[in-house]
Amino acid sequence: MAINENTQDFYRQAKILLIDDRVENLKPISDCLRNTGYEVRIAKSGIKGLKLLEQLTPDLIILDVIMPEMDGFETCRHLKTWEKTKDIPVIFMTAAMDTSNSEAKVKGLSLGAVDYITKPIQVDEVLARIKTHLHLRFLTLQLQQQNIRLQQEIRDRQQAEAALAAQTRRLALRSDIGLALSQETELSAMLFRCTQALVEHLDIKFAQIWTLNSQDNILELQASAGLYTHTDGTHAQVSVGDSIIGYIASQRQPYVSNDIANDPNISDPEWARREGILSFAGYPLIVEAELVGVMVLFSRHPFSQTTLDTLASITNEIAVGIERQQLEQALQESQRWLKAINEANPNIIYVHDWVERRNVYTNREIYEILGYTPAEIQDMGNQVLSMLMHPDDLDIIWDHQRRIKYAQIGDVFELEYRMRHKNGEWRWLFSQETVFKKNTDGTTRQTLGAAIDISDRKQIELALRQSETRERQKAQALQATLKQLKRTQAQLIQTEKMSSLGRIVGGIAHEINNPANFIYGNITYARAYFQDLLKLVQLYQKTYPEPTAEIHQLSKEIDLEFLVEDWHKLIQSMEIGIVRIEKIVRSLKSFSKLDEAHLKPVDIHECIDNTLFILQSRLRSEGNRPEIKVIKHYGQLPPVTCYASLLNQVFFNIFDNAIEALDYQPKTRSITIQTELSNPHSTLPSSIIIRIKDNGIGMSDKVSQHIFEPFFTTKPVGKGTGLGLAVSHQIVVEKHKGEISCSSALGQGSEFIIKIPRILTTKKDTLVQSVNRHLINTF
């Protein structure tokens with residue numbers, strides 16, 4: 001296992017291998033080790049243990065001495081000769097030897113074991129020894145890793161120091177060459193400084209640079225440093241194709257030799273041996289596939305690959321510097337007449353070189369627009385874009401470069417961008433550019449551009465955009481206000497609806513209750529009066545046992561015996577009916593909660609039951625429509641402080657929607673209600689959770705996302721307003737500071753989950769809620 005800096009981590013992750021052929025020995029020690037937290041693997045013989053070690057690398061091995069096929073000593077001998085396991089600590093454990101017999105212990109320890117434990121084992125002692133040897137193992141592995149890291153650090157540091165020294169020389173070389181290319185204005189002086197830098201930093205004998213005279217097809221020596229510094233003489237000019245230098249120019253490929261004394265391409269090997277020159281390196285100087293010169297170096301030491309890589313990388317810079325100097329010389333003539341024309345132009349006129357990434361010409365109008373003189377722009381070199389261009393507009397320039405790269409002469413490109421004025425202000429410029437010069441491969445080298453200041457126009461556009469933004473914000477605020485008004489309207493409509501329903505329910509309850517009380521109160525008297533009349537009839541029958549024919553006929557017609565018998569049943573049925581009417585009246589009054597429009601403790605189960613009682617006619621079976629079963633799983637709920645009438649409205653809306661969803665369900669229809677108390681055993685404030693689930697048609701995700709929005713409905717026109725669930729959401733969330741959610745899937749029904757605090761404390765009611773309370777109080 002890997003060694004962590006924390007020793008405790010090592011112990012928690014330690015792996016121990018037990019090798020013993022007897023299960024009764026393995027189980028106690030393995031259980032003890034596992035209970036301590038070690039990872040334990042078991043092998044029941046020495047051979048099996050060695051086989052297991054091909055895949056496993058434990059941190060400690062506990063080995064029995066007496067085993068069949070291969071005893072513990074032989075197994076240990078194999079472990080110590082195996083490279084993978086030779087450093088793993090081994091502890092012998094056996095009951096076969098007497099503790100006074102030290103010969104076996106000496107043999108085990110001489111084989112490389114670190115300890116010897118005799119049975120019966122003492123658990124605490126074994127654990128202490130194992131922990132000690134694991135700690136020693138940890139320290140040993142940690143020391144080994146530290147030694148490995150230290151050795152690697154030494155090697156890395158030596159390599160880094162060597163690389164740093166080489167990198168320092170290369171950086172110094174590139175720096176000196178860069179300074180020479182940027183500071184010198186004369187071609188010969190610039191190249192001489194380059195050859196001096198090569199000799200100084202690469203420890204070579206001498207270096208030379210030729211430039212190509214394309215008209216005469218010859219190479220002319222421009223600079224030489226080191227052993228030779230003169231640039232005249234017989235070798236001052238070389239025809240392309242002659243000698244090794246002309247050969248490099250004609251082939252346009254580098255040529256390197258670390259044994260020029262025996263190189264057949266070197267024309268004077270005797271001179272090389274005499275001067276002690278061992279190596280030669282020559283590079284063509286090429287820009288955009290055009291040869292501009294040749295650079296050669298001679299050294300008394302072989303060129304390393306690092307040196308060759310450095311030379312290859314700087315040849316392009318020197319080639320570009322040569323071309324730039326030559327172009328500048330050529331431009332000097334053309335700029336004389338171009339300057340006279342452009343200086344009188346009221347716009348910025350510039351020539352941009354896409355290879356050098358700088359303006360090679362800018363007229364003085366740039367001072368009037370950006371505050372910089374043309375000289376200051378020239379001094380910025382290829383940093384002009386990064387220094388003056390707005391960072392957000394750099395992508396515009398790079399895109400423009402891609403578009404213009406293969407453009408034709410005469411094509412015109414337009415672009416707008418921002419440049420920083422010398423005083424720090426940002427100025428908007430509008431430029432038109434056309435191709436001015438192309439490379440030999442057909443790509444654009446230079447473009448001629450004219451730029452005008454459009455900052456004033458941009459300010460006007462910005463003002464217009466800001467005005468549009470303000471108007472858009474006003475529209476958004478108006479839309480938000482409209483949405484709020486829409487919600488308020490929905491709530492007021494639903495409140496008025498429930499207010500009207502409450503008044504109707506209250507009126508019906510009152511009208512039914514008065515005659516019902518009248519009937520119920522008179523049933524007792526009716527029963528007493530009938531009893532008295534019955535006694536009178538019985539007395540007449542007793543006094544006059546022989547009735548007259550007329551009385552006999554009337555008794556037969558009215559079936560006096562049946563009338564007497566059925567009268568008691570009739571009175572009892574009337575009492576049952578009156579009791580049922582009274583229960584309906586109580587349910588109607590409880591549903592409307594005319595006396596509970598304010599906060600007060602109520603029984604949530606009673607509210608649910610009363611709401612279901614109001615809807616019982618829709619729950620019963622009717623015609624081909626089967627009954628809707630209501631399954632209740634009520635928990636033990638304490639009284640809940642809430643607005644009972646508003647919660648009744650929520651229950652009514654949810655049950656109403658569930659019943660309508662079940663109308664399309666031909667199979668067994670059911671509504672399941674479950675209530676529970678969150679955190680029933682906690683001292684924290686608890687909430688009431690009510691789950692109402694149906695097995696109806698369900699809703700799609702698209703529909704369920706909008707069910708709580710005002711006026712959203714999937715019902716046909718005239719069948720629903722889409723206000724019930726929206727108002728229910730406001731009642732639960734805003735009025736009761738609770739939560740309401742719905743989970744639904746097509747064909748699987750819907751479940752609404754309501755969660756409200758058991759004890760509601762509210763601040764000052766909002767305007768809409770005050771209207772609700774006023775309307776409810778009018779029931």
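**Ground rules**

The model is predicted, with local features requiring pLDDT of at least 70 and side-chain atom pairs counted only at pLDDT 80 or more, while totals for chains, interfaces and linings use all residues. Residues are numbered from 1 along each chain as its sequence is written, and side-chain values use heavy atoms, with hydrogens and water left out.

**The chain as a whole**

The chain has 23 helices and 23 strands; helices (H or I, at least four residues) and strands (E, at least two) are DSSP runs, numbered from the N terminus. Of its 779 residues, 40% are buried, where buried means under 20% relative accessible area with a 1.4 Å probe and protein chains only. Among contacts (heavy atoms within 4.5 Å) between residues at least 6 apart in sequence, 62% join residues at least 24 apart.

Let us start with the parallel sheet. Here 5 strands form an open sheet in the order β2-β1-β3-β4-β5, with parallel pairing; two strands pair if DSSP finds at least two bridges between them. Its edge strands, β2 (39-43) and β5 (115-118), each pair on one side only. From one strand to the next the twist averages 20 degrees. Axes here are lines fitted to C-alpha atoms, for helices over the stretch in contact, and angles run from 0 to 180 degrees between N-to-C directions. Strand β1 (residues 15-19) pairs with strand β3 (residues 60-64) in the parallel sense over 4 bridges, and Leu18 stands opposite Ile62 in β3. Helix α2 (residues 23-36) packs on this sheet, touching β1, β2 and β3, and its direction makes about 160 degrees with that of β2.

The mixed sheet is another open one of 5 strands, in the order β18-β20-β21-β23-β22. β18 (628-633) and β22 (739-745) stand at its edges with a single partner strand each, so one side of each is left without a neighbour in the sheet. Direction ignored, neighbouring strands of this sheet are turned by 15 degrees against each other on average. Strand β21 (residues 687-694) and strand β23 (residues 749-757) run antiparallel and are joined by 8 bridges, with Lys755 in β23 as the bridge partner of Ile689. Helix α18 (residues 604-614) packs on the sheet and touches β18, β20 (669-677) and β21; its direction makes about 165 degrees with that of β20.

Now for β11. Because 9 of the 10 residues of β11 are buried, the strand is largely enclosed by the rest of the structure.

| Strand paired with β11 | Bridges | Residue pair |
|---|---|---|
| β6 (residues 206-213) | 6 bridges | Thr211 and Gly293 |
| β10 (residues 279-287) | 9 bridges | Pro284 and Val294 |

β10 and β11 form a hairpin with 2 residues between them, and Glu288 in the turn has a positive phi of about 50 degrees.

Val292 sits in β11 (residues 290-299) and counts as buried because its relative accessible area is 7%. Leaving aside neighbours within four places in sequence, the contacts of Val292 include Trp210, Leu212, Ile286 and Ile322.

**Ser257**

Ser257 lies in strand β9 (residues 255-257) and is buried, at 9% relative accessibility. Its side chain reaches the backbone nitrogen of Asp259 at 3.4 Å. Beyond neighbours within four places in sequence, Ser257 is in contact with Asp263, Leu278, Ser279 and Phe280.

**Cavities and a pocket**

On a 1 Å grid over the protein atoms alone, a cavity is a set of points where a 1.4 Å probe fits but cannot get out, and a pocket is an open set with protein on both sides within 12 Å along at least five of seven lines; lining residues have an atom within 4 Å of a point. Grid points are joined across faces, edges and corners, and a volume is the space filled by probe spheres set on the points.

There are 4 cavities of 30 Å³ or more. The largest cavity holds about 250 Å³ and is lined by 21 residues, with Tyr350, Asn359, Leu385, Tyr417 and Met419 nearest its centre.

The second largest pocket has a volume of about 690 Å³. Of its 23 lining residues, Leu181, Ser182, Arg324, Glu356 and Arg358 are the closest to its centre. Helix α10 (305-343) and helix α6 (123-183) each supply at least two residues of this lining, and the largest share, 9 residues, comes from α10.

Key
Buried means under 20% relative accessible area, exposed over 50%, partly exposed in between (1.4 Å probe, protein chains only). A polar contact is a pair of N or O atoms within 3.5 Å; within protein, one must be able to donate a hydrogen and the other to accept it, and residues adjacent in sequence count only if both atoms are side-chain atoms.
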